[in-house]
Amino acid sequence: MATRACRSLALLLALSFVGCSEEPPDPPPAADPEWQIVFRDLPAGLLRAWGTSSTDVYVVGSAVGEGEMACTAPEEPYLLRFDGTKWRRLKPGKVGSVWWVFAVAPDDIRMVGACGLVLYYKPSTDTFTRKKAPTNSTLFGVWGASSNDVWYSGNNEANTGAVFRDNGSEISVVPVPATVTASTVIFKPHGVSANEIWFSGGAGVTLYWNGTELQHRQTPVPFGLNATHGLRKDRMYAVGGGAQGVLLGWNGMEWIEESEADKKMIGLWVVSDDEVYAVGENGAIYHRKDGTWAKEDRVGTGSKATKSGDSTVFDDYHSIWVDEKGGIWLAGGALSVMPPVKGVLAYYGPPISKDIEE
Amino acid sequence: MKRLCLSLLVIAACGDGPPAFPDANGFPDALFLEDAGIPPSIEIGTGVVSFIPLTEGQAVEIFRGPQGGGRTGGYHIWHAARIHGVDPHAADLIFKTLLPTGEEIASNARTENLQYMDGAYVVAGVAPALSDCCHAANADVVMRVEIRDRNGVTAQDQRLVHAGDCLLGAGGPSLCP
């Protein structure tokens, strides 16, 4: 019955168009923002999506086949650039996994990763310069105030947290306070100015650069803190904790635990003092507004079912970035595997291209 | 002309194929249940990309995760599960590593669309992070998994295994005193 009705409707539509002249096409309707899975099940895990604007976005990820703590990789890392219209794969060579990206100047994009890797990318010439921090371990984070004042963080061969500073010509070690327990990796830096920089690390450690020295500001939790972010030095946030899941807020004096039991967050982005997004394990997205944290639906929830289930994203997110138009970019994959694999990029905004130019 | 072609395509699409009857969650439910009618069961195992069964007392390795940087929070034992007789869509799973006393030292709760692989639904590559990997190093531990599908069907399994050392890297020094 339904089939017959469908055919009749289609025939009616067809007949109604016969003999009609071609009228000008209707203008396309304004595209509403929506959650979309831009990439999924990429061979490499995606670790950071970030840009200078919504039309200049970088996505960095792992190098497939890279061995544990390796300084060589059989494949190039997964690096993508989006210009607002199309995606293009960047080719830095077989440099190993890239964990983080940040623009320290308009034509100076820094990327860090495996085996002390530091990449200088110059968009105007589409060229990479490779440097190496004095460590063979992974650098997990980068932030800089200018091309001559850039900070990298990770660990060293002794598995002790390490911080490095790049003056544009030399990368040097910045001593971590002796009160920081050994075997504590330093994950991510984030600065609000050249002399106000926070670092998150393992075992509940945060560090603060006050322009003169790194200070140890211990949080009340013993867990690893994957990320820190904020807009001013006396109102910062930090997330991490793995299965325990912690979310901490800095009130200008001390770190306060704001978490609830099931928040297992890895990435963080502060839009304003009171609006914060966090993402984490198993496709989790959290949104803080008006002083309250709420869990949002996973990307793809309620989508059309297929043989292998619907397209809900259950992978882990490693990072989140909110662009100047309110577009939300989430990067992740299977993050426990070394190197991370099964990359996923989810985006909230008007529909965008999913094609990659090699 | 394009519209005429589109309309003809619509006609072609109005075939006599089997209708789908989505349930309240939008899934065509029973159409996609590979082993409907089989009693629910789950088996704990190990493996990164596929299920590897475990025997009681078997030796297992402790692995350092990509961001492992110390004995707390950066190490895990790979957990996997092989499952029958449950609804595979958005199933809730909890993987745990326990001391023989029952004390929990790692946990990973996940919701997954279960993948059908080699005659069973399989979840692999789950990495419950050890709160302190030295608590498991060179010791007997219990690997445990529980599942609850969206219809409330449950199953569980556990296995006593013997964990290896907590190493800085493969072949590296031990992190434990």
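Okay, let's start with one pair of residues in chain B: B:Arg82 has B:Val122 as its bridge partner in β10(B). Before I go on, please keep in mind that this is a predicted model.

So where does that pair sit? Strand β6 of chain B covers residues 79–84, strand β10 of chain B covers residues 120–126, and the two pair in the antiparallel sense over 4 bridges. Zoom out a bit, and both belong to an open sheet of 5 strands in chain B, with the order β2-β1-β6-β10-β9 and antiparallel pairing. Which strands stand at the edges? Those are β2 (52–53) and β9 (115–117) of chain B. Each has a single partner strand, so one side of each is left without a neighbour in the sheet.

Staying in chain B, let's look at β11. Strand β7 (residues 91–98) pairs with strand β11 (residues 140–148) of chain B, antiparallel, over 7 bridges. β11(B) and β12(B) make a hairpin with 5 residues between them. And what about the turn? B:Gly152 is in there, with a positive phi of about 90 degrees.

Now a proline, B:Pro40. You'll find B:Pro40 in the loop between α1 (2–13) and β1 (41–46) of chain B. Buried or exposed? B:Pro40 counts as partly exposed, at 41% relative accessibility. Leaving out residues up to four places away in sequence, B:Pro40 touches B:His84, B:Gly85, B:Val86, B:Val153, B:Thr154 and B:Ala155. Take B:Thr154 from that list: B:Pro40 and B:Thr154 are 114 residues apart along the chain, and their C-alpha atoms are separated by 7.3 Å.

Let's move on to the aromatics. How many aromatic pairs are there over all chains? The structure holds 22. Here's one in chain A: the rings of A:Trp50 and A:Trp321 have their centres 6.4 Å apart and their planes at 45 degrees, so this pair is tilted. A:Trp50 lies in strand β2 (residues 46–53) of chain A and A:Trp321 in strand β26 (residues 316–322) of chain A, so the pair ties together parts that are 271 residues apart in sequence. Both tryptophans count as buried: A:Trp50 has 7% relative accessibility, and A:Trp321 has 4%.

Over in chain B, B:Tyr116 and B:Tyr121 give us an edge-to-face pair, 5.0 Å centre to centre with 70 degrees between the planes. Here B:Tyr116 is partly exposed, with a relative accessible area of 38%, whereas B:Tyr121 is buried, at 2%.

The charged end of A:Arg110 sits over the ring of A:Tyr120, 3.8 Å from its centre. For A:Lys188, the ring is that of A:Trp100, and the distance from the charged end to the ring centre is 4.6 Å.

What about the largest nonpolar core? That core has 72 residues, and those with the most contacts inside it are A:Trp87, A:Met111 and A:Tyr152. Strand β6 (residues 98–105) of chain A gives the largest share of this core, with 6 residues. Let's pick A:Met111. Not counting residues up to four places away in sequence, its contacts include A:Tyr58, A:Leu79, A:Trp100, A:Leu119 and A:Phe128. A second, separate core has 36 residues, among them B:Leu54, B:Tyr121, B:Leu130 and B:Cys166.

Last stop, a hairpin in chain A. Strand β14 (residues 186–193) of chain A is mostly covered, with 6 of its 8 residues buried. β14(A) pairs with strand β15 (residues 196–201) of chain A in the antiparallel sense, over 6 bridges. Which residue stands opposite A:Ser193 in β15(A)? That's A:Glu196. There are 2 residues between β14(A) and β15(A) in this hairpin.

That's my tour, thanks!

How values were computed. Residues numbered from 1 in each chain as written. Chains lettered and ligands numbered in written order. Predicted model: local features only at pLDDT ≥ 70, side-chain atom pairs only at ≥ 80, totals over all residues. Heavy atoms only, no water. Pairing = 2+ DSSP bridges. Phe/Tyr/Trp six-rings, centres within 6.5 Å; stacked < 30°, edge-to-face > 60°. Buried < 20%, exposed > 50% of the residue type's maximum accessible area, 1.4 Å probe, protein only. Lys NZ or Arg CZ within 6 Å of the ring centre and 35° of its normal. Core = buried A, V, L, I, M, F, W, Y, C linked by side-chain atoms within 4.5 Å. Contact = heavy atoms within 4.5 Å.
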